[in-house]
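The points are grouped by topic and may be read alongside the structure.

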Amino acid sequence: MLSKHCFGKKMLILSYFFLFLLINISVTEVLGVDKFSRDDFPPDFVFGSGTSAYQVEGAANEDGRGPSIWDSFSHSGKMHGANGDIACDQYHKYKDDVQLMVDTGLEAYRFSISWSRLIPNGRGRVNPKGLQYYNNLINELSRIQPHVTLHHSDFPQALEDKYGGWLSRKMVKDFTAYADVCFRNFGDRVLHWTTMNEANVFTIGSYNGGYLPPGHCSSPFGINCTRGNSSTEPYLATHHILLAHASAARLYKEKYQDQQHGFIGINLFAFWLHPLTNKTKDVIATQRAKDFLIGWYADPLVYGDYPDVMKKNVGSRLPAFTNLESNLVKGSFDFLGLNYYAMLYIKDDSSKLNMEVRDFDADMAIDLSAIQNDTSVNEIPTTPWALQELLEYFKQAYGNPPIYIHENGQRTRRNSSLEDEPRVNYLHGHIGALLDALRNGSNTRGYFQWAFLDVLELLDGYESSFGLYYIDLDDPDLKRQPKLSAHWYSHFLKTKGVSSDGFIKLEKNLTAFSHAHFSR
Ligand code: NOJ
């Protein structure tokens, strides 16, 4: 005879069994051809989520942090009146945030170090409290992998004031010294280093269009230009960034890699580009746009020089590599990080090459009108096949280097619903496309959803959001509230051998359970 206790236990097991069956039935009902699970990816493939220092930390004026170019930019009212003074307050909430990452099932967290929190003047004295903060955060992250970016649009304002930041070659030395501080202090626990986030978009937005900090541009090319030169500065800044990246990478490889066993790379923003028509001129323009937007960095990194079409169109405004520089830059990465969100259709506009004074866009000679229309906080069209094409392009054009998808995610209005199905569909589609790309031989090693939280957004301030977790800015505690996408991603990461596809329907029945589990 069964004892009462034993009977109760059996019933409990049975009811779990039925719940399990129910879950599987619901999942099976909605399986599509695109079903996949975490187990379909290699075990050492890493799934994570990301943020960056200025977008998430807050505590902008605390514990000796110096201002960065992003503080100055936002406080001049250029980000819809928003700034990162408080942001998500991760500086004070990092322990809870890391616990939430662990609970969500993240295998890695991609974040950036604020150079001006660590070295307030950009060079010289290290701020002990900055050092302490990143040591604490990295220690807390011992349960998941920290992937660290050194420069995410926020170098110290002191260096902009002193010598014009990336427009000066002096940045190479200062950036390398800053990287040295990071490798020395954190490299025993950090195995993945990215020197620059979106190096290409940073230079286009910051030195051509003027819509990203430090906001340089010249009329008639940018928006409200007060200083800068859109014809020369993007190219000069890029040259110095490539040299700084290569110099930091060489330092890491020569001084640290043997003992620390880590990896170093650089991150680029990568649209997939497709001709608007099959006319030859649009097809040629598409390759030209790839060379300008991706090859500008990827060609020197892989082959040691800028693409020919850039040399031709930009002429003497494009800095030339010396042999020494070319050898330093060529091969100076263990991986490339790509931020992929969307695809663009490319239309030729070679007439721009007749302009007497040209900026980066005119040198690229494509018709930007279709692209420029989409500057709102609208959802991003979901075209997962384009991610596959992009990875195939890196395979063919650049010898299939190790790649991390460092950012991928869907934009929604900030205070819209927690039931963010568009984000779930976007993530599901792109993770599925990534699996297809891997099966076709892509050397991709990891995927980071952007963003872990609803952070301060680069272009939209607090009007749009990409987060798995919503934060009500009027809530004094800035409590993190899970969206449907947090549940979906968590389910995908934690559930072995079950397709992620049916989870949207399933989740609706489990909302009460999940909300109780996640609300903190
Ligand atoms: C690009 C940037 O790296 C990040 O800072 C930004 O918030 C997202 N992508 C979304 O726009």
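At roughly what angle do the axes of helix H9 and helix H10 cross? In this predicted model, the axes of H9 (residues 199–207) and H10 (residues 233–260) cross at roughly 145° and come within 9 Å. The protein chain has 520 residues, of which 60% count as buried. Its secondary structure comprises 19 helices and 14 strands.

**The H9–H10 pair**

- The crossing of H9 and H10 is right-handed.
- On the H9 side, Ala-199, Phe-202, Thr-203 and Tyr-207 take part, and they meet Glu-233, Pro-234, Ala-237, Thr-238 and Ile-241 of H10.
- Sorted by class, this contact consists of 6 nonpolar, 2 polar and 1 charged residues.
- The loop between H9 and H10 holds Pro-220, which is joined to Ser-219 by a cis peptide bond with omega of about 5°.

**The barrel**

- A barrel is closed by 8 strands in the order E1-E2-E3-E4-E5-E7-E9-E11, with parallel pairing.
- On average, neighbouring strands of this sheet are turned by 25° against each other, direction ignored.
- Within the barrel order, strand E3 (residues 145–151) pairs with strand E4 (residues 192–196) in the parallel sense over 4 bridges.
- His-151 has Met-196 of E4 as its bridge partner.
- Helix H8 (residues 170–186) packs on the sheet and touches E3, E4 and strand E5 (263–269); the direction of H8 makes about 160° with that of E3.

**Nonpolar cores**

- In soluble globular proteins, nonpolar side chains tend to be buried together.
- The largest nonpolar core has 134 residues, and those touching the most other members are Phe-41, Leu-118, Trp-166, Phe-186, Trp-193 and Tyr-489.
- H10 gives the most to this core, contributing 12 residues.
- Leaving aside residues up to four places away in sequence, Tyr-489 touches Phe-47, Gly-48, Leu-106, Ile-431, Tyr-447, Gln-449 and Leu-468.

**Contacts across the sequence**

- Of the contacts in the protein chain with a separation of 6 or more, 76% are between residues 24 or more positions apart.
- Gly-64 lies in the loop between helix H2 (53–56) and helix H3 (69–75).
- Gly-64 counts as partly exposed because its relative accessibility is 41%, between the limits of 20% and 50%.
- Gly-64 and Val-126 are 62 residues apart along the chain, and their C-alpha atoms are separated by 9.9 Å.
- Apart from residues up to four places away in sequence, Gly-64 touches Ser-116, Pro-120 and Asn-127.

**Backbone features to note**

- Most residues other than glycine have a negative phi, and most peptide bonds are trans.
- A cis peptide bond joins Trp-450 and Ala-451, with omega of about 5°; Ala-451 is placed in the loop between strand E11 (444–450) and strand E12 (464–465).
- Asp-89 has a positive phi, near 55°, and is found in the loop between H3 and helix H4 (90–104).
- Asp-89 is classed as buried because its relative accessible area is 17%, and the cut-off for buried is under 20%.
- His-261 also has a positive phi, near 60°, and lies in the loop between H10 and E5.
- His-261 is classed as exposed because its relative accessible area is 54%, and the cut-off for exposed is over 50%.

Methods
Residues are numbered from 1 along each chain as its sequence is written. This is a predicted model: local features need pLDDT of at least 70, side-chain atom pairs count only at pLDDT 80 or more; totals for chains, interfaces and linings use all residues. Side-chain values use heavy atoms; hydrogens and water are left out. Axes are lines fitted to C-alpha atoms, for helices over the stretch in contact, and angles run from 0 to 180 degrees between N-to-C directions. Helices (H or I, at least four residues) and strands (E, at least two) are DSSP runs, numbered from the N terminus. A crossing is left-handed if the near helix is turned anticlockwise from the far one by less than a right angle, and right-handed if clockwise. Contact means heavy atoms within 4.5 Å. Ala, Val, Leu, Ile, Met, Phe, Trp, Tyr, Cys and Pro count as nonpolar, Asp, Glu, Lys and Arg as charged, and the others, Gly among them, as polar. A nonpolar core is a set of buried Ala, Val, Leu, Ile, Met, Phe, Trp, Tyr and Cys residues joined through side-chain atoms within 4.5 Å. Buried means under 20% relative accessible area, exposed over 50%, partly exposed in between (1.4 Å probe, protein chains only). Two strands pair if DSSP finds at least two bridges between them.
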